[in-house]
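Please examine the sequence and the three-dimensional structure shown below. The paragraphs that follow begin with a single residue and then widen the view to the whole chain.

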Amino acid sequence: MSLDLLSLPALAGWVALAIVIDLIVGDPRTLPHPVVIIGKAISALEHRWNHGSPQRRRLLGGCLTLVVVLGTFSVAWLGLALLSWVHPWLGLAAELWLLATTLAIKGLADAGRAIAAPLRQGDLPGARQALSRVVGRDTQALDEAEITRGAVETVAENTVDGITSPLLFALLGGAPLALAYKAVNTLDSMVGYRNERYGDFGYASARLDDLANWLPARLTALCLWLAGVLYGVFHRSPLRWRGALAATWREAPRHPSPNAGWPEAMVANLLGVQLGGTNVYQGQVSHRATLGTAHDLLKASHITTTIWLMHGAWLLFFLLLFFLQLFFQQLCLVMATGAG
């Protein structure tokens, strides 16, 4: 028997174990990663289908989204069912591994530390190189404050699509649904751009990604705020949590993404720094609305604090979803008993 999706404590326990595996192992390069396979499928279909009139591109882009997301879910579900038929423990082991691949807790924390470490030593070239691995902006001329801003924005934004959103879908439907979410996220990262090539073809992928992350982004901002409140219990320097909720509510819609602004604005207000502003992409200058108020200059220690907030947020997010699901499960049992 594979993972029993009707048993919430069992599902939550396996998701928690997948979190532990991700925290310890991360994403070993020696093992095949499902997202790589999904990405190759998207690339092959994009080259085959992305041509013709704008209407044709939008239609085939919608077909791409449907095929990749449903295909990912179906392949994962059928594969787990087959492995469970061979032996129940084989199915459970595969489910656990697949769940772990949907999370990026260790990878995100390691990426942030890899930028902060050379910054503390005054090694700007090393910090720029580390930042260039995780952002699309030009990093060659960035100073300490701009390097820090890039790192903080990356950790804050990716807390949603790399951790909390996969957790939500894993708790709702195990590895198949979590992998379907990763397919949505991968589609958006590959074809969800507003440019001549992808503006029409990637429209459905971008909108589905916005929809999938809508609730997790806002819940993550709340959990970041709660983590900021608790931060003062373990550290002598409390964060600026008073007023951060109201400020985030005002500022998050300024971000060009309907979801990324929520975690970024919350982190900016908790740290008392300003995020957003001017970025350069392949020599092209891009201006983005600012988030937060610059009470403090951005420095390497802000990256470390953001990583602490990220860890606190995903833990609170997991506990919040678990107890909410437990509550609704018990409510449904009570209603079913009363109806009977």
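**From one turn to the whole chain**

Glutamine 282 is exposed, with a relative accessible area of 75%; exposed means over 50% relative accessible area, buried means under 20%, and partly exposed lies in between, with a 1.4 Å probe and protein chains only. The model is predicted, so local features need pLDDT of at least 70 and side-chain atom pairs count only at pLDDT 80 or more, while totals for chains, interfaces and linings use all residues. Residues are numbered from 1 along each chain as its sequence is written, and side-chain values use heavy atoms, with hydrogens and water left out.

Where does glutamine 282 lie? This residue belongs to the loop between strand 1 and strand 2. Helices (H or I, at least four residues) and strands (E, at least two) are DSSP runs, numbered from the N terminus. Glutamine 282 has a phi near 50°, which is a positive value in a residue other than glycine.

The two strands form a hairpin with 2 residues between them. Strand 1 covers residues 275-281 and strand 2 covers residues 284-291; they pair in the antiparallel sense over 6 bridges, where pairing requires that DSSP finds at least two bridges between two strands. Within this pair, glycine 277 stands opposite arginine 288 in strand 2, and valine 280 faces valine 285 of strand 2. In a regular strand the side chains alternate between the two faces of the sheet.

Attention now turns to the helices. Threonine 305 is part of helix 11, which comprises residues 300-339. Is threonine 305 buried or exposed? Threonine 305 is buried, with a relative accessible area of 12%. Leaving aside neighbours within four places in sequence, threonine 305 is in contact (heavy atoms within 4.5 Å) with Tyr231, Leu239 and Leu271.

Leucine 108 is placed in helix 5, residues 105-120, and is likewise buried, its relative accessible area being 9%. Apart from neighbours within four places in sequence, leucine 108 is in contact with Thr154, Val155, Asn158, Thr159, Ile163 and Met310.

The whole chain can now be considered. The protein chain has 11 helices and 2 strands, and from the N terminus on its elements run α-α-α-α-α-α-α-α-α-α-β-β-α. The radius of gyration is 21 Å, close to the 20 Å that the globule rule gives for 340 residues, so the protein chain is as compact as a globular protein of that length. This radius is taken over C-alpha atoms, and the globule rule is 2.2 Å times the number of residues to the power 0.38. Along its principal axes, the C-alpha trace spans about 60 × 55 × 40 Å.

How much of the protein chain is buried? Of its 340 residues, 46% count as buried. Among contacts with a separation of 6 or more, 70% are between residues 24 or more positions apart.
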